[in-house]
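This report describes selected features of a protein model. Please consult the sequence and structure shown below while reading.

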Amino acid sequence: MEMEAKTKKRKIWIAIGIVAIIVGFLGINIWVNADESNLTVEVTTLKEEEITDKVLTQGTLKLAEEQTVYYSPDKGEIAEILVNEGDDIERGKALLTYKNDQLTLEQRQNELEQQSGILQSNSLREQHKEIDKQIEEDKENKMLQEEHDQIKLQQQQANIELEQLKLQKETINQQIADLKVVSDITGKVVEVNEQAAFTSNQMEQQPLIRIGSLDQLIVEGSVSEYDALNIKDGQTVTLTSDAIPDESWTGTVSHISYLPNDTGEMGMDDGTTGVQYPVTVTVDDKDIGLKPGFQMTMEIKTDEHKANTLPITAVQQEEDDNYVYVVVEGKAERREVKVGTASLKTIEISDGITDKDQVIIDPAENIKDGMDVSV
């Protein structure tokens, strides 16, 4: 009997424990549901601020004016390089000369042929005069007339040959003049590589002489067809480089090409083709501490305007729809909005709410349309 009483007592306590656990779970669930049914939220309203539209692209730092001279085997052998690396030169100054024995021979041959042609032409002219006198004395002589016509034809042919020789002389003289290579710009000789004249592989040919104007630098890059529509000459550009990450420089768009790159097409994720348009930025700063060839990031400011904005965390996205939650009479209400330019912290709102709406900042994941909220 005593054992049965103890067993009954143990079962009672177990039952009480189970009931207590169930009650505890029910209490927690009620508390959680109560908490979920009324969220405490932080709100904000639309704020007007200056919005800047920007286009980011990569580019290469270059000299604004640059001339590269390569060895031209068709001109002959290099006779003399007339400049040294570091020389300051003016436009039109001779850089190097070629030696071409074949052109010299052709020039001499042309001179001899012209002399011969002049002698022949003079001889035919005298014959023409003489036969003209004979015809005057014997106008009915058909043999004299035929001989006259033959001499006249030979004289015309001789004159044509002389004109051809004169044209040939001009061509040869131009080729000889081209044996002296001159500078197209005023600047500094930045490279002289005499070994480039001995490169046999034309595909790997190196510059023989490079000249550049160090007073002005540019950055050349390319942008997509969509960005090209918004880029115009004169727009402000911020330039940065990974080589000096803590510094930036200013520049100005000096050219946006009307035509795309011939080889600038890139495949897009959807299988279409993206066309790239060249853009040139003039560096406003004179001394930026970087050398031509450095890669730079161009941040092109394409537009500035005032707009209503929200913190970027307030805007949610579902497929192609953008929406926010506003507080209306103690409840969360979902509103679809139209967005514009976004920065790291804010985003432009062009439609969907007014400046009087209280918009929930960073809404919780479990928030729902119509849920009770406390501001």
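How many bridges pair strand β9 with strand β10, and in which sense do they pair?

The model discussed here is predicted. Within it, β9 (residues 187–192) and β10 (residues 209–212) are joined by four bridges in the antiparallel sense. One of the residue pairs is V192 with I209, the latter being the bridge partner in β10.

This pair of strands belongs to an open sheet of four strands, ordered β4-β10-β9-β6 and paired antiparallel. The edges are taken by β4 (66–69) and β6 (88–89); each has a single partner strand, so one side of each lacks a neighbour in the sheet. In general, the strands of a sheet pair through backbone hydrogen bonds, in either a parallel or an antiparallel manner.

## The three-stranded sheet

Another open sheet consists of three strands in the order β5-β7-β8, again with antiparallel pairing. Here β5 (77–81) and β8 (180–182) are the edge strands, and because each has a single partner strand, one side of each is left without a neighbour in the sheet. From one strand to the next, the twist averages 25°.

Strand β7 (residues 94–99) runs antiparallel to β8 and is joined to that strand by three bridges. Across this pairing, A94 lies opposite V182 of β8.

## The α2 and α3 helices

Helix α2 covers residues 101–137 and helix α3 covers residues 142–177; their axes come within 8 Å and cross at roughly 160°. The two helices are therefore roughly antiparallel, since an angle over 145 degrees counts as such. The crossing in which α2 passes α3 is left-handed.

What is the make-up of the contact of α2 with α3 in nonpolar, polar and charged residues? The contact residues divide into twelve nonpolar, 17 polar and nine charged.

## Positive phi in two loops

Most residues other than glycine have a negative phi. E319 has a positive value, with phi near 55°. The residue is placed in the loop between β18 (316–318) and β19 (321–328). E319 is exposed, its relative accessible area being 73%.

D362 also has a positive phi without being glycine, the value being near 50°. Its place is in the loop that lies between β23 (359–360) and β24 (372–374). Is D362 buried or exposed? With a relative accessible area of 54%, D362 is exposed, the cut-off for that class being over 50%.

Notes:
Residues numbered from 1 in each chain as written. Predicted model: local features only at pLDDT ≥ 70, side-chain atom pairs only at ≥ 80, totals over all residues. Heavy atoms only, no water. Buried < 20%, exposed > 50% of the residue type's maximum accessible area, 1.4 Å probe, protein only. Pairing = 2+ DSSP bridges. Axes fitted to C-alpha atoms, helices over the stretch in contact; angles between N-to-C directions. Parallel < 35°, antiparallel > 145°, perpendicular 65-115°, else oblique. Left-handed = near helix turned anticlockwise from the far one by under 90°. Nonpolar A, V, L, I, M, F, W, Y, C, P; charged D, E, K, R; others polar.
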